[in-house]
Structures are given as structure tokens and as C-alpha cells.
Amino acid sequence: MSDRLGPRDVAYLDGESLSVPHQVASIELIEPKEGFDYGAFAEHVEDRLAFVPRYRQRVRMVPGRIAYPVWADDDRFDLTYHVRRSALPRPGSMDQLLDLAGRIVSRPLDRSRPLWELYVIEGLEGGRVALVTKTHQALVDGAETVDLVQLLLDDKPEVGPTVPDLWEPQPESGARLLAGAVVDAVTSVRGLTGAARSMGGFALGRATGVAKDIQSAGIGVAQALTRRPPERPTPLSGALSQQRRVVTLQADLSDFRRIRDTHGGTVNDVILAVVTGGLRSWLMTRQESLAGVRQVPALVPVSVIDEELDATQLGSAVAPHFVVLPVAEPSPVVRLHQVSYSFEQHKETARTVSAQQLAGISGFAPATFHVIGSRVAAESEHDYLLSVCNVPGPQEPRYAAGSRLVASYPIHPLAEGHSLAIGVTSYDGQVFFAITADRDLVPDASLVGQCLSEAIDELLDTASGRRFRAPRGLRVVKNSGE
């Protein structure tokens, strides 16, 4: 059984390159239960794939490229190719794991197979096991397909009954694909548009007779994916290499709540203020002039209720919100207030989904929301230098094949010309940051993580009562006549 890719998905496939692969990754750390082994976990993965057939489908091109490609069953699907076993020299450190993860996310996925991989990495200190996942942005749309991590995690340590897997690959011959394309081309405007686009390569918008809905969906995405970097070079922009670095940071959620309770706003505001303070410190350590980079325009995907946007299986859509991070501001409290004010304006114009609602979604929804957030960032036609995607997760433990999840780091892809991207997930009382950096443009990527940690401490100091607290908003003081 097959279905045709949409214009957005085609744009992700056609718009990527060796230096800009369109894939989202994650690092999940688990405490393996007694008897945990690779074979049993692979069986768990295979069992869950029955819920989402897309993970056993690959992209098939239509002969002559007269229509969009299709998702077709992979008749040579090999689970062991996708679920790979690896290990670090015991006791493996977090730095060694991150070095391996950076190499994994740098390699593009094999287009001739289903567009995902999962690495089971053993040998970590403390007996932990890492699950490094990698999925293509065209694969997970939140509507037809959720992220692999969400499929694998359960609310309880007990593994549910196995679902009968009746999947049998349906062969798709070239003649059958061609016949289906002809039917689509005759019966739908979308098919005609696909034919025009395919015949003209990826020069979207030049084909005549392109429908307006396809223009907004496909052309906009393509232009966004291939946009040029800022003309004036900054430490946050440049020509990307083919290699990435991954840096992680873990902090207590209670610290963020304490800062929020002291200064107001939301935990999300505090996270963005931490990012702002961390960027400021990092720029200063690089001896960069803050007169050159006084503000960092950032894109922050947020969950909203909007009937005009595509909803997900999780009950909400994801829309871009643009905020200016005031890196030149020396006061951490003022930085927090400026970020908070930006989101107060957003709340007045959009029905934002609360953190409590997102955290209460069954399963492990942050995994899927991060993929959708990365798609939103990639599709944006606005100029920005940094994407920061924060998704609140459940505050109760989750389990993978009975083994407890102890950490979750979302690794976002770099957009063309962007040297950094940041993903954040809160889970089980902790906040997990993952920083994706270009290996050549940001050789001091580990320093970014250290600066973010120091920014948390700086804000915590302001919540201790030993510092002056800046007032929120303007207050009118009446003259009493005294």
C-alpha cells in the first residue's frame, strides 16, 4: 500500500544536502532493567512498528518524475539495519557518547530505505544504555506519523500485550507507480502541479498553472529551506560543514520554577532568558563585540489552537513565534522581563496551549512536538539566527521496554547558514538542553553549554533575595502632596 508525498515532504527531500541534512535526532538515557539486552529491545521496536506502517515504507520515485514520489512498502525491510547495536569502552563517559552522537547525526539517512535509524549504545558509566534515534523531517508530520521515541515509551514499567503484526509488504512496480501518477494527474490539480514541478526540477514557482494552495505549501517551504544566510557574518551564521557537535546540559526544573515564582512569567520565559544570558557570555568569551551583535532574532515554535493550521494527532498545531533575545543587556532580570513581555503579546493574539496541557498528553509527546517544531523552523521565511524549541514533558517516569527513562535530549537540525540550534525538554523534575553546533563554525561548542549553566546560576542568584529585583511593567506613582 502506498500514498503520495505532499509538497512539504517533497521540499524536505529535494532541499537537503550533505551539509544540511533534514533529520531530527534525540538521545534517550535509560536505566536497563534486569535482563535487558539488544535482542529483546529490538523485538519491542518491531512490535511498536505495527502501530505506524510508515516506519516500514521508503520513498519511491515515479518513473519520469511525472508526479510526486510515494511512500511504498519496503519489500526488503531489515529491522537490524535500522536498530543498530553499538558500545563505548567501559565505563563510557557522557563526552564520549556525545562525540558518537555528533557523528551519527552528521550522516544523512539512506534514501533507499525507510528514513529512520535507532542506535542502542551500551557501556555507559553507571550501567546506563543510550538510545540515539534519527528520523527524517519528511517522515514525521504529527498527523500520519508520530516520532519513534513516542512509540517506544510507556507510562508503566509493565510492557503491554504484543499486538499481532499482520504486515505484509505490498509490491509496487514501476508500471503501477506510473499508472497511479497518471490517474492522479488526470483527476486532481495537485497531480498536475506535481507533474509541472517535477518536470521543472526544484524551480518552484516557475512552473505555470501552479495552484495557490500548492504555492503556499511547497514554494514557501522550498524558499525557506534554501534561503541565504545573513549578508553580515555573525558567530551564529556561516557556510555549514558536513559535521556536527552535540552538547547537552541538565538542570533542576525546580530552579526554573523558583526563578519564575520570584520574577513572574513562565518557565519557558526563564529558559529563553537562560539562552540569552548564555549567548551573551559565550560571545564575550570569544571576544566578540556586542556592538555588532546586540540582539539575536530567534524563532521559538509554540503549540497553539488554530483552525487555519494543520493540527496534529496530539490535539494542537505548532506555529512560529519570533522573539528578540537582548544579548547586549547586562541585567539578567531585565533580560527575563523583556523576553516575558514578548510572549505576553503573543498570548493576546493566539490561543497558546499551556505547558500543563502539553505535559499531560499521554505517551511521550515531546518527541513528536520537537520534530514538528523543527519543521516549523525550517519552513519559516522570516530572518532569524537561532531556533529554540522547548517542549514541556511529563513529570512522571516513562519506560522503554520496562527500563526507566532518565534523560531525554532533543537534537535539532541546523538550518542553512545557521551555526547553532537548541532543543529543550522538561521531564520528571529535570530540564534537558541539547545544543547542535556546526563543528567548524563553533569549535568551542562545549563552552556554549557551560555558559548556559552559568546563566542559570546567575538568574538563581537574583531569586535568592540578595539582589535588587527590577519592577515588572510601569507603575504610576500618585503625588500625595507630601
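Guide: What follows is a set of questions about the labels used for this predicted model.

Visitor: What makes up the protein in terms of helices and strands?
Guide: The protein has 14 helices and 16 strands. Of its 482 residues, 56% count as buried.

Visitor: How do you know how far to trust the model?
Guide: The average pLDDT of the protein is 81, and 74% of the residues score at least 70. Over residues 305–309 the pLDDT is below 50, and this stretch has eight contacts in the model beyond near neighbours in sequence. Residues 468–482 also stay under 50, with eleven contacts beyond four places in sequence. Where pLDDT is low, the predicted coordinates should not be read in detail.

Visitor: Why is Asp438 called buried?
Guide: Buried means under 20% relative accessible area. Asp438 has 0% relative accessibility, so Asp438 counts as buried.

Visitor: Where is Asp438 found, and what does Asp438 touch?
Guide: Asp438 belongs to strand β16, residues 430–438. Leaving aside residues up to four places away in sequence, Asp438 touches Leu240, Ser241, Gln243, Arg244, Leu414 and Ser419.

Visitor: What makes the pair of Asp438 and Leu441 a polar contact?
Guide: The cut-off for N or O atoms is 3.5 Å. A polar atom of the Asp438 side chain lies 2.9 Å from the backbone nitrogen of Leu441, and this distance is within the cut-off.

Visitor: Are Cys389 and Cys451 buried or exposed?
Guide: Cys389 has a relative accessible area of 4% and is therefore buried. Cys451, at 2% relative accessibility, counts as buried too.

Visitor: How many disulfides are there?
Guide: A disulfide needs a pair of cysteine sulfur atoms within 2.5 Å. By this rule the count is zero.

Visitor: What makes β5 and β8 edge strands?
Guide: Seven strands form an open sheet, in the order β5-β6-β7-β2-β14-β13-β8, with mixed pairing. β5 (83–92) and β8 (153–154) each have a single partner strand, so one side of each is left without a neighbour in the sheet.

Visitor: How do you know that β2 and β14 pair?
Guide: Two strands pair if there are at least two bridges between them. Strand β2 (residues 23–31) and strand β14 (residues 403–411) have seven bridges, in the antiparallel sense. Ser26 stands opposite Pro410 in β14.

Visitor: Which helix packs on this sheet?
Guide: Helix α4 (residues 94–106) does, touching β2, β5, β6 (116–124), β7 (129–136) and β14. The direction of helix α4 makes about 150 degrees with that of β5.

Technical notes. Residues numbered from 1 in each chain as written. Predicted model: local features only at pLDDT ≥ 70, side-chain atom pairs only at ≥ 80, totals over all residues. Heavy atoms only, no water. pLDDT = per-residue confidence, 0-100. Contact = heavy atoms within 4.5 Å. Helix = DSSP H or I, 4+ residues; strand = E, 2+ residues; numbered from the N terminus. Buried < 20%, exposed > 50% of the residue type's maximum accessible area, 1.4 Å probe, protein only. Polar contact = N/O pair within 3.5 Å; in protein donor to acceptor, adjacent residues only side chain to side chain. Axes fitted to C-alpha atoms, helices over the stretch in contact; angles between N-to-C directions.
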